[in-house]
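Take a look at the structure below.

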Amino acid sequence: MTAPTIDHDVVSVVHAAIEKHGRNRDAMIPVLSEINRVFGYVPREAIREVCKQLHDPARQVHIAESQLFALTSFYDMLSTKPRGRHVIKFCENAPCHIVGGKAVWDGLKEKLNLENGETTPDNKWTLVTTSCLGLCSVGPVLLIDDDMYGNVTPEQISEILERYE
Amino acid sequence: MIKKRAMILVSNDPESVRLGANEIIQHLNEALVTYGLQDEVDISTISDINHSNILPLVVVYPEAVVYGPVKAADVRYLVEEHLYKGRVVTDLLAPPKMLTGQIGWLRGHKGYNPAEHRIVLERAGRIDPENIEEYITSNGYDALGKVLSEMTPEGVIDIVERSGLQGRGGAGFPTGRKWKFVRAAQSSKKYIVCNADESEPGTFKDRIVLEGDPHVIIEAMAIAAYALGADEGYIYIRGEYGLAFRRLEKAILQAREFGFLGNNIFGTNFNFDIHIHAGAGAYVCGEETALLESLEGKRGEPRSRPPYPVTKGLWNKPTSVNNVETLANIPAIIRNGAEWYRSIGTPSSPGTKVYTIMGNVNFSGVIEVPMGVTLREVINIYARGMKPGSTLKLAQTGGSSGSIIPAVLQDTPMDFESFRKAGVSLGSGALLICDQNTCIVDLVKVLLQFFRFESCGKCTPCRVGTQRSYEIVDRISKGQGRLEELDTLLLLAGEMERASNCGLGQTATVPIRDMLKHFRTEVEAHIRSGNCPTGVCEMTQEFEKI
C-alpha cells in the first residue's frame, strides 16, 4: 500500500491517475485516492501537479490547489502528512469497544509507544483510529494496510506486528 | 449458566390480552417452576399476529409448534406434556390452515437454526456472486424483464407504493412516494443513486448484500430508473469496502455483456447504465445531500434543504437516493406483488428487516426477520442468548439515527411505528447488545467521540455541540463532572436538534437524551460520589464533595 516517495515520479503517477479516472471535477476524489495509494499520502507536489496537468483554458477547467487540499483534509482515507510504511487503523466505535477494544488499543499504544496519529521514528508504523469498518461481528477489529484482523486480543498484538517487515 | 433449551412465545396483541394472554404467561411461569424447568425455558411475547380466531397463541421453540387458542386452564397440561415429557399436545394445536403470514413462517421453519425470512439476503451466501448465470437461474433479472415488457413506469411506482416499502437506511421514508416525486419532477435528465456508504457503527448489512448478491442492486436500479425516467445511475460505495467494490464492478461488466445494462435493454427502447464511485472515508457522506456533493467531487458537506434531491439532486437534476437494503427488496416485490410483501411484517411496517447483532451475546452476525420481531426474541432466539454470566442492560441500535434501548423496553415490537411510539429509533438495524458490565457514561462517551470526529464542520451547532458534549461526558467519566452540566448537556442537545443542518447533528443528541432518560442515577453516581458503578471508568480525580 505504501512505498517511499523517491520510488515514484510524481508527474507520471499523476498522469496515470488522471488517465484512469478522467479530467472532470467528479474524478478528483478517485484521482487523489490513487495518489494516496502510491505515496501513502497526498504530497503537496502531487496536488500542484494535478492542477498543472488539468489546466485547460479551452475547456474552462480550473481546479485550484486549495480545492484539492480541501478534499484531502476532509476525507479520512486521504492523508495530508506522510505516514509510515504500514498504517494500523484501529476501530474505536462502540461495537468494538464493548467487546474489549480498549484493552487492544492500550496494548497497541504501549507496544509501539505511539499515540493516535503518530508515526514511529523508523517510519515503520503509523497508528490511527478509524470509524466503523463494517466488520463488527468479529470485533475488536484492526486493519494493517489492507489486511483485516478480527477478534483481536491484547496477547495477539506482538505476533501480528511481527508479520510485517 | 444453564443453557436454555426451549423458548415459549405468547401472543400479546390487544386481542390476545383481552382473551387472557397475561394469565397464560403467569400460569406458564408457575407451571415451569412446578416442573423445575424455569432455568431451561424462556418465555417471551410476540405481537401483531392478526389471527383473531386462534388467539391467544402459544408457540414453542425450537420445534416451532403453534398452539391456539390456548386457555389459562390448558397451560399446566401443556407444560407437562410438551416441555416436561416432550410430547406435542395435538388437541391444542392451531389448525394449520389458519397459520398464515408471520406465524406461518415461524411454524414452517423449525430446527436448530432459528427461522429467518430472507428476501434481501435470499441469495447472499447461496450463489456465486461473481457469476451472473447463477443469479439468472435464481429468478435474477425476471423482475426487470417483467417491468420492461408488461408494466408502465406508473405501474411500477404503484406496486412499490402499495407494498408499503419504507427506506431501510434509517429514516424510513416511503420508497414509492420518493419515486413518485422524482417521476413528477420536470426534467429531461434524472438519476438513480444507490447509497452504499454504509458507515453506521455496527452496521454491515449492506456489505453482505453487495458482496453476496451484487446483481440484485443492478436489477433494482434498472427497475427504478425505468420507473423514474432515468437513464443513468450511480452507486456510491464507501472506500473501505474493497471486496464489495470489485464484485460490483465485475457484476456491472457482466450485466452489460448480457444486455441488462446499456442500450435497448430486453429489446425495448429503455437505456440505462451504472457508474460506481468509491468514497474516501467520511461518515457524513451517508447523508444523501452530502453523498451527492461527494459524487460531484466536493467535500461531503450536506446541502441546505429545500430543495430536496427529488427535485434538485445530482448536478441539480431530480435524483432518487435509495439505500442498498431498500433496493434489494424491489425485484422480489415486482415478482411477487404488493400483497405478498404486505403479508410479511406488521401492517404499518411491511416486509423484513436485516439486523446485525453483536455485543455480549452468543451469536453475532446478520439475520433477516419480519418487521415486528421484538428485541427479546432477537436476543433469545437469534443471538442464542446472552453470553454466560451476562444479563441484558441495554441495546444500542447503531450510529446516529439509533437509540439506547434499556432492558425494560425489550418487548417492544421492532417496527417503525411501535418504535416511534416508544420514543426509540430503529436506526439502520444494528443491535449492539450490552450486558451489566457496560457503563452508560463510557458508552455514550464512545458514541460522542464518533460524532465529534465525523461532524463535517460545516454548521456550528453540530461542530461545536458534538465537541462540547463530548468534553462534558468525558469529564463525568473521570469523576470531574458537575450536576449542573447535565442541564448544559440537555440545553446543547436542544440547540443541536433545532439548529443543525443535517441528520448528523440533529441525532447526535440521541445518546445523551437516552442516557439521561433511562440511566440518570448511574450518571449521577459518577458525579455525586465520584464512583463508576460498573467499574469501567477510570476516575482520575480525588473526589471532593460538591
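Which residues of E9(B) are buried on one side, and which on the other? This is a predicted model. On one side the buried residues are B:Thr352, B:Val354, B:Thr356 and B:Met358.

The table lists its two pairings.

| Partner of E9(B) | Residues | Direction | Bridges |
|---|---|---|---|
| E10(B) | 365-370 | antiparallel | six bridges |
| E13(B) | 430-435 | parallel | four bridges |

Two residue pairs show where the strands meet. B:Lys353 has B:Val369 in E10(B) as its bridge partner. B:Gly359 stands opposite B:Ile433 in E13(B). A hairpin of five residues links E9(B) to E10(B).

Next, two helices in chain A. Packed helices are described by the angle between their axes and the distance between the axes. Helix H2 of chain A spans residues 28-39, and helix H4 of chain A spans residues 65-74. Their axes come within 11 Å and cross at roughly 70°. That angle makes H2(A) roughly perpendicular to H4(A). The crossing is right-handed.

What meets at this crossing? H2(A) brings A:Met28, A:Ile29 and A:Leu32, while H4(A) brings A:Leu68, A:Leu71 and A:Thr72. By class, the contact has five nonpolar residues, one polar residue and no charged residues.

Key:
Residues numbered from 1 in each chain as written. Chains lettered and ligands numbered in written order. Predicted model: local features only at pLDDT ≥ 70, side-chain atom pairs only at ≥ 80, totals over all residues. Buried ≥ 20, exposed ≤ 12 C-beta atoms within 10 Å, placed from the backbone. Pairing = 2+ DSSP bridges. Axes fitted to C-alpha atoms, helices over the stretch in contact; angles between N-to-C directions. Parallel < 35°, antiparallel > 145°, perpendicular 65-115°, else oblique. Left-handed = near helix turned anticlockwise from the far one by under 90°. Contact = placed C-beta atoms within 7 Å. Nonpolar A, V, L, I, M, F, W, Y, C, P; charged D, E, K, R; others polar.
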